[in-house]
Amino acid sequence: METTTDTHCPYCSLQCGMRLATAAGVGTTVVERPEFPVNRGALCGKGQSAAALLDRTSRLTTPLVRERGTLRAASWDEALDRVARGFSAIRSEHGADAVGVFGGGGLTNEKAYQLGKFARVALGTANIDYNGRFCMSSAAAANRIAFGLDRGLPFPLEDIPRTDCLILVGGNPADTMPPALRYFRELRENGGTLIVVDPRRTRTAELADIHLQPLPGSDLALALGLLHLLIADGLVDHEFVDTRTAGFGPARAAAMAHWPERVERLTGIAASQLRLVARHFGQATSGMVLTARGPEQQSKGTDTVGAWINVCLASGKAGRLYSGYGCLTGQGNGQGGREHGQKADQLPGYRSIEDPSAREHVARVWGVDPETLPRTGRSAYELLDSLGDPGPDGVRGLLLMGSNPVVSAPNATHVTSRLRSLDLLVVSDLVLSETAQLADVVLPSAQWAEETGTMTNLEGRVILRQRAVDAPEGVRGDLWLMRELAERLGVKRGFDDDPETVFEELRRASAGGQADYAGISYDRIRAEDGVFWPCPTEDHPGTPRLFLDTFATPDGRARFAPVTHRPAAEEPDAAYPVYLTTGRVLSQYQSGAQTRRVGALNASAPGPFVELHPLLARQLAIAEGDALAVTSRRGRAVAPARITDTIRPDTVFMPFHWPGAGRANTLTNPALDPTSKMPEFKLCAVRVEAAAPTATAKPDEEPHA
C-alpha cells in the first residue's frame, strides 16, 4: 500500500508544497502538489530530488563523543550527561554567558522558539544568535526603521505579476528559488517592466527588460541617484509623502547630492540608463522594489535597503495594492526563524528583549521571573569571534544546531580556529558536517520529513511540514534533545518534545507581539494551506497584505532614511585590485551539507569555481579550467577558472557551497553593518593569479600577518 503526506520542500524560503509518497519495497518519492498556491506544483531540481535526503547511508544514527582526539559512538545518556556536565562546569567557573547557542534559519518555528527559551531559561545565557543574521538581517533592520515591522514580503507572491514595474536588486531567483520565476515571467506577459540590478548577467537578468550591472557595493549610490531623478523630474507623489510618510526633507537633501553624473562615476551605470529606470518606475501606476543578498550583505546593508525603500516611498509605491518594498528571504525558515527568540536581541513575537512589558509577558508564559531573563547578547559573527577567548567575556562552550559555519561564516579560517579553541563544542545535525567534525559531542538529529513542525515562508505564510517517515533508529528530534538537556541542567518543567504542544505555547508567547501567531493552529494551517501573520485571534482572516491602511510605526507613517553613499569596508587597491562577490548556484544550497550528498545535484554542480571575464582571463593568461588562486587579506582559495562575459571585467564570482581549498568564505570580509551586524559577504578586494601546482592552501590555517 502507498501512503501520501502533504508537506513542504526542505530547502528555500518559498517552502514549496509537495507530497511524499511512501510504498513498501519502493521507498519514498516526491509527488507534485498543484493546489498549493505558492508553487502550484512546480519544483526545482532540489525539491524534486528531496527524497534522496532520506537515504540513511550518510546519516548520523548514534551520538558521538570525542576521546583522545577521535570521535567514537556513544549512548544518548553518555553524550547528554557529558554535555550537561561540561556546560555546568563552564557556567560555574566563568558565568552563564560563557556558554553560547548558535541556531539556524532552517529550524522549524517550534525548534527556534524552544532554542531561545532553552538558552535563556535552562542555560541563563544572553549569547544566542543564528545563521539567519547572515541572510536578511539588513533588510529586517531597514523594514523596522521604515515601516515599524519586518516581514519579508508585505504582500503575497501572487501580487508580483499584477504590478506595473518591478526593480529586483541583487537577487537571482532563477537559481535560488526557480519556481518563483514564473511570477516574474507573468509580470512581463501582463505588460509590466522588469528591471534587474546585478553585477552579473544571471539567468534572471536575461529575463529583464533592463539590466543594470553596477560595481559591487554601489547599490546605495544607485538608489540615491534614482531618488534624485524622481525629485528632479517631478515624479514624487507629494500627496502620499505628505499624508503617509515622515522625514522626506533630510532624505531629499541627501539625494540631491547624488546627481546622475556623480552616480555614474560611483556605480559604472550610464546616466542615461539611470534616467530611463527612474522614468519607468516613477511613471508606473504601481511598482515594487525587491532586494536580496546583493545589497543586504554589505557593511552598509541597512542604509542601502533604506535607500531603496525611499524610492518606493517618494513615488507613492508602498502601502498600496500591488506596490511596496519586499525582501526575498533566503533560508527555509529565514522569516519565522527571526521572529521567535533565537536572535540575540529578541523574544517571541518579534519582541525586543530590552522591553520591560515584553519581558514580563514572555516570562509569564514561561513561568519565570522577568528579572532572570538575560539581556541582549552578541550577534552571530561577534559570537563566533568570541569563541575560546580566555578573557572574561569569552564564550567557552557552544551548542550549535542547524548550522555549518566552517563553510558558511565569513573569514571562515578564523571562525574555524575559534571553534577549535572551545572547551566544549556540541553540534546537533543530521550528517557529520564540516563543523560537526570539530565537535566534542555530536548529536544525531531528525530532519524534515521525519518530524512535524511549522515554517514561515518569505510571504509571512505559516505552513506545516508533516512527518511522513520514521527517523532512523537511534536518531532523536531537537525538541526532545532540549528537554533532556534542560532536565539534566536542573530545569525539570517547561520543555516539551511534542511539536504541536510547543506551537501552542508559541502562540501564547507571541500573542500581542508584531509577529502574532495567536490565531494560528495546526488544524487551521491544514485547512487553509497556510495562514499569514499577524493573526491575533482564531476568527481573524490572517494578513496577506500589510500596510494598506497604516504603517506599523507609532504615528502610522513610514519613515524615510536620511542616508548617503559611502564606500565598502574594503575597496580594491594596488595589492588587491579585483572585486570578489559570492553567491549560490542552482543545484546546491547554503553550505551544501544536504545537497552535496545528493548524487543528481552533485553531478550538476560538482565543485567550486571562479567566474571571470575574458578580458581579465586574457590579462592573467588564464584558460578555461585552469587552477586559479584568489587571495584576500584573510586567506587564499584555489578553484578552476570559468570564463564568461556575463560578469564585469573588474569582478570575479565564487559560489560558497564547498569546504576545502575552494572555500569562498576563506576570503570574505567580516566587517559588520553597524545596525544589523550583517557581515560584508558580497564584496571584498582580492588578487587573482594562476595557482602554482604545489601551492594549494590549507584553508583552516589562518594567514600570517
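Helix H14 (residues 301-314) runs for 14 residues and spans 20 Å from its first C-alpha to its last, close to the 20 Å expected at 1.5 Å a residue, the expected span being 1.5 Å times one less than the number of residues. Helices (H or I, at least four residues) and strands (E, at least two) are DSSP runs numbered from the N terminus. The model is a predicted one, with local features needing pLDDT of at least 70 and side-chain atom pairs counting only at pLDDT 80 or more, while totals for chains, interfaces and linings use all residues. Residues are numbered from 1 along each chain as its sequence is written, and side-chain values use heavy atoms, with hydrogens and water left out.

H14 is mostly covered, with 13 of its 14 residues buried (under 20% relative accessible area; exposed is over 50%, partly exposed in between, with a 1.4 Å probe and protein chains only). After H14 comes Gly316, which has a positive phi near 75°.

On to a helix pair: the axes of H8 (residues 219-232) and H10 (residues 248-256) come within 8 Å and cross at roughly 105°. Axes here are lines fitted to C-alpha atoms, for helices over the stretch in contact, with angles from 0 to 180 degrees between N-to-C directions. The two helices are therefore roughly perpendicular (65 to 115 degrees; under 35 is roughly parallel, over 145 roughly antiparallel, the rest oblique). H8 brings Leu224, Leu227, His228 and Ile231 to the contact, and H10 brings Phe248, Ala251, Arg252, Ala255 and Met256, where contact means heavy atoms within 4.5 Å.

Now for the packing inside. In the largest nonpolar core, which has 114 residues, Phe118, Phe147, Ile167, Tyr325 and Ile520 touch the most other members. Such a core is a set of buried Ala, Val, Leu, Ile, Met, Phe, Trp, Tyr and Cys residues joined through side-chain atoms within 4.5 Å. H8 gives the most to this core, nine residues. Not counting residues up to four places away in sequence, Phe118 touches Leu123, Leu399, Met482, Leu485, Ala486, Leu489 and Phe495.

Met482 is also among the contacts of Met401 beyond four places in sequence, along with others including Phe102, Leu115 and Leu481. Met401 sits in strand E16 and is buried, at 0% relative accessibility. Its C-alpha lies 8.0 Å from that of Val101, although Met401 and Val101 are 300 residues apart in sequence.

Arg396 is found in the loop between helix H16 (380-385) and strand E16 (397-401). Arg396 is buried too, with a relative accessible area of 13%. Leaving aside neighbours within four places in sequence, its contacts include His94, Asp389, Leu422 and Asp423.
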